[in-house]
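Welcome! Let us take a friendly look at the inside of this protein and at the pockets on it.

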Amino acid sequence: MNGQPLVYFDNAATSQKPRLVIEALRHYYEHSNANVHRGLHELSNRATEAYESARVKVASYLGAASAEEIVFTRGTTEGINLVAQAWGGKFVKEGDVVLLTEMEHHSNLVPWQLLAERTGARLRFLPVNDDGALALDRLDEFLTRGVKLFAFTHISNSLGTINPVEELCRRAREAGATTLVDGAQSAGHLPVNVQEIGCDFYAFSGHKMCAPTGSGALYGRARVLETMPPWHGGGEMIVSVTYEKSTYKPAPHRFEAGTPNVAGAVGLAAAIDYLECIGRDRIFEHDAQLAMTAIERIKTLPGIRIFGPLDRRGGLVGFAAEWAHPHDLTTYANEYGLALRGGHHCNQPLMRKLGVPGTNRASFYFYNTESEIDRMMEILTSAHRFFTR
Ligand SMILES: Cc1ncc(COP(=O)(O)O)c(C=O)c1O
C-alpha cells in the first residue's frame, strides 16, 4: 500500500475476506444461482437449500432456539431499523421511553429518533462514566416502568467497552422492557449465545466478520417476532394477495420481502465455518491481547489520550493525539501503508461528551500480529516528529 507493507487496523469498520468465503460465493454463482422459494427447478431448489441452510447455521452460531428466529438483513443498521419500524411502530406509543446509552453508534440511535418523531415517544440515555463503562449504579433510575425498550451495544466501537449484556437484559426484563443488543462489534469477535444473554433482539453485520458486504441477520425471540407486522411489502413475504389485501407468511419470511441476498447468506455461512474453525474464544483472546499491547505502546508517546477501559476490552483502541487532528494522523499513517480510522466513528454525541472532534482507532482481528503493532508504533513515532517539528 503506497509502496509499503499494508497494516490493516480498520477491522471494526469491516474485516478482510478469507479466500474460503470468496470461493463459496464463486461456487454458489457457478453452480446454484437461481431465485429462492419460487422455482420448481433444480437450480432454484439448490439456491433455496443453500439459503435456508445458511439460516440454520446462523441460528446455531448465535445459540438461537430455532432458525425461524433468524431474519436475514443487510446488516446491523437494517436489523435495528426493522425492529424500530415493525416492533416499535406497533408497540411504542406517545410518552413511552426508549432507553439507549450514551455510547451508541448512530445505527442504534437515529432509527429510534425517527420512531420518537413518529410516535411522540421519548429517548433517554444511560450515561457513560469517565472510564468508558456504563453507569450501572444509575440503571434503576433510568430503567423505570415507562421504558418499552432498552437497546444497547454489546461492544462499543469507539471505546472498546464490553457491556455486561446478560445483566442489562435481566434488569430490563425485571422492569418489563424488551431488549435489543447491537452485536455489530461482537458477533465475529467473541462467543455469543442469545439465549444465555436473554435478549429479545440481537442484530449483527456479516461484513465485519469475514462475510460479504450486504449480509447480516437479526435474531428475534420467536414469541416477539410473531407479534410483529411486516415492515417491507413485496414478493416472498405473502401467503395470498388480492387487489385489496394480503396475508403474510410467518416469521422470518414475513420480514424478507423481495429477492434476498442469497449469495450473501452463503458467504455468511462460509465465514461462520471459518471463524468456528479458529474458535471465537481464541479470536477474542488474541484481539484483546493486541489491544492491551497497543495501549501499553501508544501510551509511551507524548500527548496521547486513550479512551475506554484500560483492562478488559474488545480488540480496538481509540486514542487522540494533542499534536495532530485524527484526520491528519490517519492521512499520515496511510502514506506508510497503515490503515487506521480517524473521525467520529458514527458516535458524534459520544465524541462531544468526550470533548474531542474525533479519535484515531486501531481495531484488530485474528490475522493481525504484534509485529504489525511494532510497525504502527514506528509510524506513530515518526508522525509525532513530523507534526511537532
Ligand atoms: C457498534 C456498531 N453498531 C452498528 C454499526 C453499523 O453496522 P453496519 O453499517 O454494518 O450496519 C456499526 C458499524 O460500524 C457499529 O460499530
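Which elements each supply at least two residues of the lining of the second largest pocket?

## The second largest pocket

Strand E2 (70–72), H3 and H9 do. Helices (H or I, at least four residues) and strands (E, at least two) are DSSP runs, numbered from the N terminus. About 250 Å³ of space lies in this pocket, and of its 21 lining residues, Phe72, Thr73, Arg74, Glu78 and Pro260 are closest to the centre.

A pocket is an open set of points on a 1 Å grid over the protein atoms alone where a 1.4 Å probe fits, with protein on both sides within 12 Å along at least five of seven lines; lining residues have an atom within 4 Å of a point.

## About the model

This is a predicted model, where local features need pLDDT of at least 70 and side-chain atom pairs count only at pLDDT 80 or more, while totals for chains, interfaces and linings use all residues. Residues are numbered from 1 along each chain as its sequence is written, and side-chain values use heavy atoms, without hydrogens and water.

## The largest pocket

The largest pocket has a volume of about 360 Å³. Among the 23 residues lining it, Ala13, His105, Ser107, His207 and Lys208 are the closest to its centre. Helix H3 (residues 76–91) gives the largest share of this lining, three residues.

## The largest core

The largest nonpolar core has 72 residues; such a core is a set of buried (under 20% relative accessible area, 1.4 Å probe, protein chains only) Ala, Val, Leu, Ile, Met, Phe, Trp, Tyr and Cys residues joined through side-chain atoms within 4.5 Å. Helix H9 (residues 262–278) gives the most to this core, with ten residues.

Definitions and conventions
Buried means under 20% relative accessible area, exposed over 50%, partly exposed in between (1.4 Å probe, protein chains only). Grid points are joined across faces, edges and corners, and a volume is the space filled by probe spheres set on the points.
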